[in-house]
Amino acid sequence: KEKLTAIKDERKKQAVERIDQRLDSLNEKMTSHFSEVLKKIDEVLVRIGERANRVEENGVDVSTVRAAIDSASAAIAASRTAIEAQAGKTYTITVTTETGLKQDVGKIRHQLSQDLKAVHQTVKAAHEAARKAATTLSPLPPEVTEFPKPTQSPLPPEVTKLPEATQ
């Protein structure tokens, strides 16, 4: 705010302050969004692990699935680290001159955009790793569950007969 004293035009000062606040709120909004996405990916990974456990109980080798799950967990951890680092960043517009104000704001906006794109790439990598774990599990035979076969119809015989067509 001290550097805003170099700006004489009051409207430009207010615009720069508003843009600065929007950059901070955008950063906060996107990092919380990325955290929610990772939370969902993590939940899916847990379900994949549970299904792998059930398949393994039937004697099927799930070592490749376990490796894919470990890889996805590592990608999620790396993405969480990137999100935490991004959430800790603050973007301050450094005003050099009033005539170069547009370029100064543009540099900071570009920097925020690039940083958010980098974090987005880590989230995409975590998503892809979880997808790979799921596709590694899918060709394995499903867990076997025995269903008892009914010996007789649970419905009375008069209900199981089809009504005759009337003409």
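**Figure 1. Helices H1 and H3 each supply at least two residues of the lining of the second largest pocket.** In this predicted model, the largest share of that lining, 4 residues, comes from H1, where helices (H or I, at least four residues) and strands (E, at least two) are DSSP runs numbered from the N terminus. The residues that line the second largest pocket are Ile 19, Arg 22, Leu 23, Leu 26, Arg 109, Leu 112 and Ser 113, and they divide into 4 nonpolar, 1 polar and 2 charged. In this grouping, Ala, Val, Leu, Ile, Met, Phe, Trp, Tyr, Cys and Pro count as nonpolar, Asp, Glu, Lys and Arg as charged, and the others, Gly among them, as polar. A pocket is an open set of points on a 1 Å grid over the protein atoms alone, where a 1.4 Å probe fits, with protein on both sides within 12 Å along at least five of seven lines, and its lining residues have an atom within 4 Å of a point. The space in the second largest pocket comes to about 160 Å³, a volume being the space filled by probe spheres set on grid points that are joined across faces, edges and corners.

**Figure 2. A salt bridge joins the side chains of Asp 42 and Arg 80, at 3.8 Å from N to O.** This pair links distant parts of the chain, with Asp 42 in helix H1 (residues 10-57) and Arg 80 in helix H2 (residues 63-87), 38 residues apart. A salt bridge is defined here as a side-chain nitrogen of Lys or Arg within 4 Å of a carboxyl oxygen of Asp or Glu, and a search of the whole structure finds 4 of them. Asp 42 counts as partly exposed because its relative accessibility is 29%, and Arg 80 is likewise partly exposed, with a relative accessible area of 33%; buried means under 20% relative accessible area, exposed over 50%, and partly exposed in between (1.4 Å probe, protein chains only).

**Figure 3. Glu 56 and Arg 66 form a salt bridge whose closest N and O atoms are 3.1 Å apart.** Here too the pair links distant parts of the chain, Glu 56 lying in helix H1 and Arg 66 in helix H2, 10 residues apart. Glu 56 is partly exposed, at a relative accessible area of 41%, and Arg 66 is partly exposed at 26%.

**Figure 4. Within helix H3 (residues 101-137), Glu 128 and Arg 131 lie 3 residues apart, about one turn of the helix.** Their side chains meet in a salt bridge of 2.5 Å, taken from N to O. Glu 128 counts as partly exposed at 38% relative accessibility, as does Arg 131 at 40%.

**Figure 5. The protein comes to 4 helices and 0 strands.** Its mean pLDDT (the predictor's confidence in each residue, from 0 to 100) is 84, and 80% of its residues reach 70 or more. Confidence is lowest in helix H4 (residues 157-160), at a mean of 55, and highest in H2, at 95. Of the 167 residues in the protein, 26% are buried.

**Notes to all figures.** Residues are numbered from 1 along each chain as its sequence is written, and side-chain values use heavy atoms, with hydrogens and water left out. Because the model is predicted, local features need pLDDT of at least 70 and side-chain atom pairs count only at pLDDT 80 or more, while totals for chains, interfaces and linings use all residues.
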